[in-house]
Amino acid sequence: ENGYIGEFTIVDDHRANKIVIELNGRLNKCGVISPRFDVQIGEIENWVVNLLPSRQFGHIILSTTFGIMTHEEAKKRKTGGKI
């Protein structure tokens, strides 16, 4: 959608699985939240305030039952997931 992610694969490490992502282009900053937290729809805004430098800048990626999506798409679909 935004053109940052090329391909991704899910690696089964017999514990919690890992996602390997191929990035397109240049990113200013890319971070990892570890351990991954379960986030309900009402908690997404709290994570945005704590993790992103401003409201209009940056994306938080969630894995949901509908697939992998940004925090904005998760709010539109009214779903939570793992951050």
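**Entry 1**

The elements I name are DSSP runs numbered from the N terminus, where helices (H or I) have at least four residues and strands (E) at least two. I noted that this is a predicted model, in which local features need pLDDT of at least 70 and side-chain atom pairs count only at pLDDT 80 or more, while totals for chains, interfaces and linings use all residues. Residues are numbered from 1 along each chain as its sequence is written, and side-chain values use heavy atoms, with hydrogens and water left out.

I then looked up the pairing of the two strands: S1 and S2 run in the antiparallel sense over 5 bridges, and two strands are said to pair if DSSP finds at least two bridges between them. Thr-9 also has a bridge partner in S2, namely Val-20. The hairpin of S1 and S2 has 6 residues between the strands, and there His-14 takes a positive phi near 65°.

**Entry 2: Val-20**

Is Val-20 buried, partly exposed or exposed? I read a relative accessible area of 46%, so Val-20 is partly exposed, given that buried means under 20%, exposed over 50% and partly exposed in between (1.4 Å probe, protein chains only). Leaving aside neighbours within four places in sequence, I found Val-20 in contact, meaning heavy atoms within 4.5 Å, with Glu-7, Phe-8, Thr-9 and Val-11. I also checked Val-48, which is 28 residues from Val-20 along the chain, and the C-alpha atoms of the two are separated by 23 Å.

**Entry 3: confidence**

I looked at pLDDT, the predictor's confidence in each residue from 0 to 100, and the mean for the chain is 84, with 99% of its residues reaching 70 or more. Confidence is lowest in strand S2 (residues 18-23), at a mean of 81, and highest in strand S3 (residues 38-39), at 93.

**Entry 4: S4 and S5**

S4 pairs with S5 in the antiparallel sense over 4 bridges, a hairpin joins the two strands through 2 residues, and the bridge partner of Leu-62 in S5 is Met-69.

**Entry 5: the loop between H2 and S6**

Which residues does Thr-79 touch, not counting those up to four places away in sequence? I listed Ile-41, Ile-44, Thr-64, Thr-65, Phe-66, Met-69 and Ala-74. Thr-79 lies in the loop between helix H2 (71-77) and strand S6 (81-82), and it counts as buried because its relative accessibility is 10%. Lys-78 has its place in the loop between H2 and S6, but Lys-78 counts as exposed, at 68% relative accessibility. I noted that phi of Lys-78 is near 55°, a positive value in a residue other than glycine. Most residues other than glycine have a negative phi.
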